[in-house]
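Reader: Could you take one part of this model and go through it slowly, saying what pairs with what and what touches what?

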Amino acid sequence: MSGEDAAGELRLDGVAVALGGAQVLRGVSLAARPGTLVGLVGPNGSGKTTLLRTVYRSLRPDAGVVHVADADVWRLSARDSARRTAAVLQAGQPPAALTVTEVVADGRTAHHSLFSRHTDADQEIIREALDRTGAHVHADRLYDTLSGGERQRVLLARALAQRPRLLVLDELTNHLDIRARFELLDLVRASGVTALAVLHDLDLAVRYCDELVVLDHGVVASAGPVLDALGSEVLHAVFKVAGRVERHPDGVIRITYTAKPLTDHTPDVGP
């Protein structure tokens, strides 16, 4: 694999994590090709957020390897890892006193020493990130005065200002109205950066993602292009709902749920 081919690529090999004596991830392997948006989906408690934490170096796996652009992230320094991977998370909001521009400028931190200052090149990268996400219209406002959708644009701009190889997105669209959800995922796709995104909304996942990884009880139940990874059998077996996933004449992939009964009421006892 050439350096150009490896840029932006994510690969997990046999990742396992136990928390509090419970096995959360069980030998998870997956790959994301450069420039693709890969959706990480699964029921609550399937291990999605835990898996993301291993990718952005918040949680060291008990076994297995996480590669970003052909480097084991746990062999990199925290700074080098941050230059490769940018995360937009639900937790850890910026300080209330920061302006939008200051929040986005924080994305350049990994590229500087503790006491170095932003260069003209940094300022241009910050302006570009603000412009690409539409956050420039709020550049001088305090971050905590923004709406939920506006804040998510700013956090995405901060991530893009890192100039990462990989975006890690934990429920980027959570609690937003439908227009804001579409706009944010359009921005992610337009960025051209490889992205691994946890999405609870399956309809958004099948519409926007190039590929899906379906987690169930800490293992990969299926993975691949959307129509291969999320068929009727997987909807029933993993999500306990009845429906089918199809590409419509307009080219958009959609889920069509059946009439009653929608759900399978068989108790899910787990492993």
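Author: Two strands pair if DSSP finds at least two bridges between them. Strands (E, at least two residues) and helices (H or I, at least four) are DSSP runs, numbered from the N terminus. The model is predicted: local features need pLDDT of at least 70, side-chain atom pairs count only at pLDDT 80 or more, and totals for chains, interfaces and linings use all residues. Residues are numbered from 1 along each chain as its sequence is written, and side-chain values use heavy atoms, with hydrogens and water left out.

Take strand S4, which covers residues 63-68. Strand S1 (residues 10-19) runs antiparallel to S4, and five bridges join the two. In this pairing Leu12 stands opposite Val66 of S4. S4 also pairs with strand S5 (residues 71-72), again in the antiparallel sense, over two bridges. Here His67 faces Asp72, a residue of S5. S4 and S5 make a hairpin, and two residues lie between the strands. Ala69 sits in that turn with a positive phi of about 50°.

Ser81 belongs to helix H3, residues 78-84. The relative accessible area of Ser81 is 4%, so Ser81 is buried (under 20%; exposed is over 50%, partly exposed in between, with a 1.4 Å probe and protein chains only).
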